[in-house]
Amino acid sequence: MIITRDFRLASTLYQKQNRSASMALFLDDGSLVDPKFVLSIKYNAKIDDSGMYIGTCIPKQLNITLTQNAPIIPEGETVSLCHTIYDEISNELIYTPIGQFYVISTIEKEQNNTRELLLYDVLHKLKKTKIIPRYPTTIRNILEQIEDNAQINFFDYEDLEFLDYTIQNEIHFSQETTAGDIIRAIAQMHLRYVATNYDGSVGIKRPHATQFTLNNSNVFAMDIAHTSKPINSVVISRQPQNDDVFFRRGNQTIGELKIINNPILDLDREAFVEQLLTIIEGESFTQAKIELQANPLIEAGDMIHFQDLKGKLHKMLVTEHDLDDSRSVLTCTLSETTETNYKRAKSLEKRLSETELYVDKVKNEIGVKVAEINETVKSVVQTFSVDAIETKITSYIETNKANLFDE
């Protein structure tokens, strides 16, 4: 998020200094990498290709090109990226932290006499850290366990709506459950995303508004696509069964958010779905691409207000920020609204109970749980493949309904 004073001060930077001085690198010991060794710094932060900011990790990436006679920065070394601001009042340079990064790889380019470094932030670690939650547990306990196992620090998460929700039994996150898998599921159930802060801590965030408005006077180029429809319906879906539970304001769907196969929300979809719509109802963003003077203080996940040529005000969610020493390119690209078959989906108001099939891939078992239902029970024939073993369930409910239902 923009720090207002820093943004104001930054406006003098490019008039006072060389472009290469707009960003600075500090090593783990606090020493500054001499700018004479730094040929280029390119920064990128982007949501994944799903086009959904909800439930995604937004990793930050650095590509640094140094001269070959620059000091060696070994793989695994921590590098802090700072925005250099000239303060006319104090006549001093102010270094504002942008983030902490870890050297992943180094390539020597002999023909160019350069050295190229690839760096990621701490979210890269979450992909490789395996976690086995200890059940029963809560969202709070899981986050504390991730902090210990992955050796990261979470920014204050006390505002999470379901922080003390209890998970009684083991649930399946992925084939090899990593800290990244779990934290994405937790972020998704809170309609948030995961990103690092300036100090390297990890935040589970909702989009946050910046303190300024872009217009023709402070941008180089602006390409506006369209504005999404305001959300008035939330669907929690189990796939591939097309088993949907929804809550909607009004009789018609205007804009829809669909969350698919979240293992925590699936524990009690009816209890969660109305609360989720309360959080996100009315959300709408304009998809656009804006090019402006380099501003490292803008983050992916920021909400930016901008005016088009006609003076109309738009709200844009930054889903990607490409930055070099001279320019920032901000992009908002979100997936289109999904469409649910609401005639087949289960509304919260109807509260229809259902028959659920639970697949345990470890035990090669398929279990059936049947609850009370007010509609006619029909014969069910489905074929499932579990670890290449076909299991056919034919007319199970019809055959056993006398024992399953109480009149």
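Seven helices and 25 strands make up the secondary structure of the chain, as seen in a predicted model. Of its 407 residues, 48% count as buried. Among contacts with a separation of 6 or more, 65% are between residues 24 or more positions apart. The accessible surface amounts to about 21300 Å², and carbon and sulfur atoms hold 47% of that area.

**Helix packing**

Helix α4 (residues 139-150) packs with helix α5 (residues 179-189) at an angle of about 145°, and their axes are 11 Å apart. The crossing of α4 and α5 is left-handed. On the α4 side the residues involved are I139, I142, L143 and I146, which meet A179, I182, I183, I186 and M189 of α5.

**Salt bridges**

The whole structure has 15 salt bridges. Three of them are listed here.

| Pair | Closest N to O distance | Accessibility |
|---|---|---|
| E176 and K130 | 3.5 Å | both exposed |
| K205 and E299 | 3.9 Å | both buried |

R238 and D243 belong to one network with D266 and R269, joined by salt bridges that share partners.

The salt bridge between E176 and K130 has its closest N and O atoms 3.5 Å apart. This pair links distant parts of the chain, 46 residues apart: E176 is in the loop between β8 (166-167) and α5, and K130 is in the loop between α3 (123-126) and β7 (137-138).

K205 and E299 also form a salt bridge, at 3.9 Å between the closest N and O atoms. K205 is in strand β10 (residues 202-205) and E299 is in the loop between β16 (286-293) and β17 (302-307), so the bridge ties together parts that are 94 residues apart in sequence.

**Cis peptide bonds and positive phi values**

Most residues other than glycine have a negative phi, and most peptide bonds are trans. The following residues depart from these patterns.

The peptide bond joining Y135 and P136 is cis, with omega about -5°. Another cis peptide bond runs from Q239 to P240, with omega near 10°. P240 sits in the loop between β13 (231-238) and β14 (243-248).

The loop between β13 and β14 also contains N242. N242 is not a glycine, yet its phi is positive, near 55°. N242 counts as partly exposed because its relative accessibility is 42%, a value between the limits of 20% for buried and 50% for exposed.

N113 likewise has a positive phi, near 55°. N113 belongs to the loop between β5 and β6 (114-120). With a relative accessibility of 49%, N113 counts as partly exposed.

**A buried threonine and a surface patch**

Leaving aside residues up to four places away in sequence, T65 touches F37, V38, L39, S40, T114, R115 and E116.

On the surface, L32, L93 and Y95 form a nonpolar patch with about 250 Å² of accessible area together. One of these residues, L93, is in strand β5 (residues 92-109). L93 counts as partly exposed, because its relative accessibility is 40%.

Key. Residues are numbered from 1 along each chain as its sequence is written. This is a predicted model: local features need pLDDT of at least 70, side-chain atom pairs count only at pLDDT 80 or more; totals for chains, interfaces and linings use all residues. Side-chain values use heavy atoms; hydrogens and water are left out. Patches are made of residues with over 30% relative accessible area and no salt bridge: like charges are joined within 9 Å, nonpolar side chains (Val, Leu, Ile, Met, Phe, Trp, Tyr) within 5 Å. Accessible areas come from the Shrake-Rupley method with a 1.4 Å probe; for residues, only the protein chains shown count as cover. A salt bridge is a side-chain nitrogen of Lys or Arg within 4 Å of a carboxyl oxygen of Asp or Glu. Helices (H or I, at least four residues) and strands (E, at least two) are DSSP runs, numbered from the N terminus. Buried means under 20% relative accessible area, exposed over 50%, partly exposed in between (1.4 Å probe, protein chains only). Axes are lines fitted to C-alpha atoms, for helices over the stretch in contact, and angles run from 0 to 180 degrees between N-to-C directions. A crossing is left-handed if the near helix is turned anticlockwise from the far one by less than a right angle, and right-handed if clockwise. Contact means heavy atoms within 4.5 Å.
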